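Please look over the sequence and the model before reading on.

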Amino acid sequence: MKIAVLGNSHIAALKQGWTALAARCEGVDITFFGQQRDGLKNLELSEGRLVATNPVLLESLRFTSGGHSFIELAAYDIILLHGMALMGHAIAPRQHFSRKALKAAFQEGVKDQLSYKLLMLIRSATDKRIYLGHEPLKADIRRKGGQATRGYEAWIAAANREFYEPLNAEFLSQPLKTVVNGSATNMTYSKGSKRLATQEGMGEPAHPPKDLRHMNDEFGRLWMMKFLNGRGIGTWTEAELALLD
Amino acid sequence: MNPYQNLPQSSFWRPAVSDRSLFAIENLWSPKFPISGTAPVVTFGSCFAQHVGRALRDRGLNWHITETNPPGMAPETRKLFNYGVFSARTGNIYTTSLLRQWTSWALGTAVPPDECWESESGVFDPFRPAVEPGGFESREEVFASRAASIAAFKAAIVEAEVFVFTMGLTESWVNLQEGYEYPMCPGTVAGEYDATRHGFRNQDFATIHGNLTAVIKAMRGVNKNLKFILTVSPVPLTATNSGDHVLVATSYSKCVLRAVAGQIAGEFDFVDYFPSFEIITSPVFRGIFFEPNMRSVTPSGVDFVMNHFFTAHETKFGPIELPASAIKLLRRRAQELEARRFVRADGDVPRGKATGRAGNNVASGDVCEEELLAAFGGEA
């Protein structure tokens, strides 16, 4: 089973998480392809491959993937796009959105985003189901208000029903146990987040303490466990699964 | 000695009006109560109410929106779906009886009817016929959406410090069997007109006064500190069913509404009247704030009115102190506007270009169902 993960700085946590889980997923090979911010916009499709169109991105692809100069789409069973300005939201309890309004919002909300552009680029080359993970919900310093995640789950479900499913794609939630205040990430998972290393010697410096957008290794571990479990990959104990949702 | 000797200049026509440039006429309003920079202000009513909300937002005040659009929706689409037009997605509330109807649904003293208007393009909500372009997909969706708007309207009543209501019409359409009111005559925006089921009412002073008084008391029953600002829309009727000439019908409608607003403002110290109607329509201003059709108010007219609102407030209560978050937001908006200016300079077409759809005058920024009536009289 080969999995490709494409994304920006937010894949750093997933990569760390996978490192912690890899030994428990025999026969699974995950390759990460990353570049900070919207650097992956410089990918183009050529003969079934996503190739870098500038040397900086080429270097990032090589470094983050462990030596791959391009992304051979046919070589992967599963493709995951993560972050890249794709955001998660929640529908408040008293809100109701019509299907037409939701469709319009999803179309307009993502059409200029890199995650959507990559989705459509890949879709033009393969019929494989493509998975999308949003940037982590912003961490909240305090707990406040209701702790139910129904509104967040409703948003994810609506996005799939009205927008992603017809594209043979699936929008994924972050582990619900990491969600607080209905639409934020528990501050615990924001502490000690690391930057995505994209070149030799860069190391993995930490994000500043006030960064509430990037999450740490433990968040990445839980995220990847949920993702893999959802695809029927790996064997997880009930106690571990209870940490997810 | 007589009472006139000690009156201010604003009490006398010559110094207050005749001797001044029309742009120097001032102190038309002395607000009864201050609005703080953080006070939640909600706006509902006729088309003109939209300007109040936008003006509050543009100055960093807390225009309180209780029904927000789905995240990601573009500004022009938001307007098409009636998000951010009023504080909740009620559509236009033209009459005080409609306001009373919404209030009774929100506060649970009446149950909204289960009427829907079905057509080939979709299912329409008779009480908000223009909020969903092309109509909803099903009756269930109409009811779910209406319930959300009613809940949001209730939240607006409960959470607001100031409730701004712009009175628009005296003419109304009712369901003769059930007694409830429609914002638009069935068969115009949607639905089918049936003379045996649908009746016309041109409301009189007592009816309008009674309904507005009941609304104020009901709202204060759940929010005892709620204050009100009433305005009368200066926009003439698009069409009348009264049998009178539309100009005469407009005069009747606006005069009655203006009289009720003045009466109510005199009866309650927590109700104020802001004279946007006078500022636009007074002969003193020579009609310069109207478009050539002598109906639509020009953007400069709207600015003039709203500048008057804030200047009067500042004159009486001093500058409104804005919270740091509002100042930050204003700065960001200014930067965005500047950025957009550069895009235009490059020759790129800005997003949200007006499409000219009847009843949704995007160019002027108004969403106004009543304008659709013009289609039935040959007016462009």
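How many salt bridges are there over all chains? The count comes to 23. A salt bridge here is a side-chain nitrogen of Lys or Arg within 4 Å of a carboxyl oxygen of Asp or Glu.

This is a predicted model, in which local features need pLDDT of at least 70 and side-chain atom pairs count only at pLDDT 80 or more, while totals for chains, interfaces and linings use all residues. Residues are numbered from 1 along each chain as its sequence is written, chains are lettered from A and ligands numbered from 1 in the order in which they are written, and side-chain values use heavy atoms, with hydrogens and water left out.

## Salt bridges

| Pair | N to O distance |
|---|---|
| Arg99(A) and Glu137(B) | 3.3 Å |
| Arg129(A) and Glu170(A) | 3.2 Å |
| Lys194(A) and Asp217(A) | 2.8 Å |

Arg99(A) and Glu137(B) meet in a salt bridge. This pair crosses between chains: Arg99(A) sits in helix H3 (residues 99-110) of chain A, and Glu137(B) in the loop between strand E3 (123-124) and helix H5 (139-159) of chain B. Helices (H or I, at least four residues) and strands (E, at least two) are DSSP runs, numbered from the N terminus. Arg99(A) is partly exposed at 34% relative accessibility. Glu137(B) is partly exposed too, at 41%. Residues are called buried under 20% relative accessible area, exposed over 50%, and partly exposed in between (1.4 Å probe, protein chains only).

Arg129(A) forms a salt bridge with Glu170(A). That pair links distant parts of the chain, 41 residues apart. Arg129(A) is in the loop between helix H4 (114-123) and strand E7 (130-133) of chain A, while Glu170(A) is in strand E9 (residues 169-172) of chain A. Arg129(A) has a relative accessible area of 24%, so it counts as partly exposed.

Lys194(A) forms a salt bridge with Asp217(A). Why does this pair tie together parts that are 23 residues apart in sequence? Because Lys194(A) lies in the loop between strand E11 (184-186) and helix H6 (217-230) of chain A, and Asp217(A) lies in helix H6 of chain A. Lys194(A) is partly exposed at 27%. Asp217(A) is partly exposed at 25%. Salt bridges that share partners also build one network, joining Arg99(A), Arg161(A), Glu162(A) and Glu137(B).

## Strands of chain B

Strands of a sheet pair through backbone hydrogen bonds, either parallel or antiparallel. Two strands count as paired if DSSP finds at least two bridges between them.

Strand E8 (residues 227-232) of chain B is mostly covered, with 5 of its 6 residues buried. Strand E4 (residues 162-167) of chain B pairs with E8(B) in the parallel sense over 6 bridges. Met167(B) has Val232(B) in E8(B) as its bridge partner. E8(B) also pairs with strand E9 (residues 271-273) of chain B, in the parallel sense over 3 bridges. There, Ile229(B) is partnered by Asp272(B) in E9(B).

Elsewhere in chain B, 3 strands form an open sheet in the order E6-E5-E7, with antiparallel pairing. Its edge strands are strand E6 (181-182) and strand E7 (198-202) of chain B, each pairing on one side only. Strand E5 (residues 171-175) of chain B is joined to E7(B) by 5 bridges. Ser172(B) stands opposite Arg201(B) in E7(B).

## Surface patches

Lys138(A), Arg213(A), Lys328(B) and Arg332(B) form a positive surface patch. Patches take residues with over 30% relative accessible area and no salt bridge; like charges are joined within 9 Å, nonpolar side chains (Val, Leu, Ile, Met, Phe, Trp, Tyr) within 5 Å. Lys328(B) is in helix H10 (residues 324-345) of chain B. Lys328(B) is exposed at 57% relative accessibility.

## Single residues

Met84(A) is not a glycine, yet has a positive phi of about 55°. Met84(A) lies in the loop between strand E6 (78-82) and H3 of chain A. Is Met84(A) buried or exposed? At 2% relative accessibility, Met84(A) counts as buried.

Met294(B) has a positive phi of about 60°, and is not a glycine either. Met294(B) is in the loop between helix H8 (276-281) and helix H9 (299-317) of chain B. Met294(B) is partly exposed at 48% relative accessibility.

Key
Areas by Shrake-Rupley, 256 points an atom, 1.4 Å probe, with all protein chains shown as cover. Lys, Arg positive; Asp, Glu negative; His and termini not counted. Charge placed at Lys NZ, Arg CZ, Asp CG, Glu CD.
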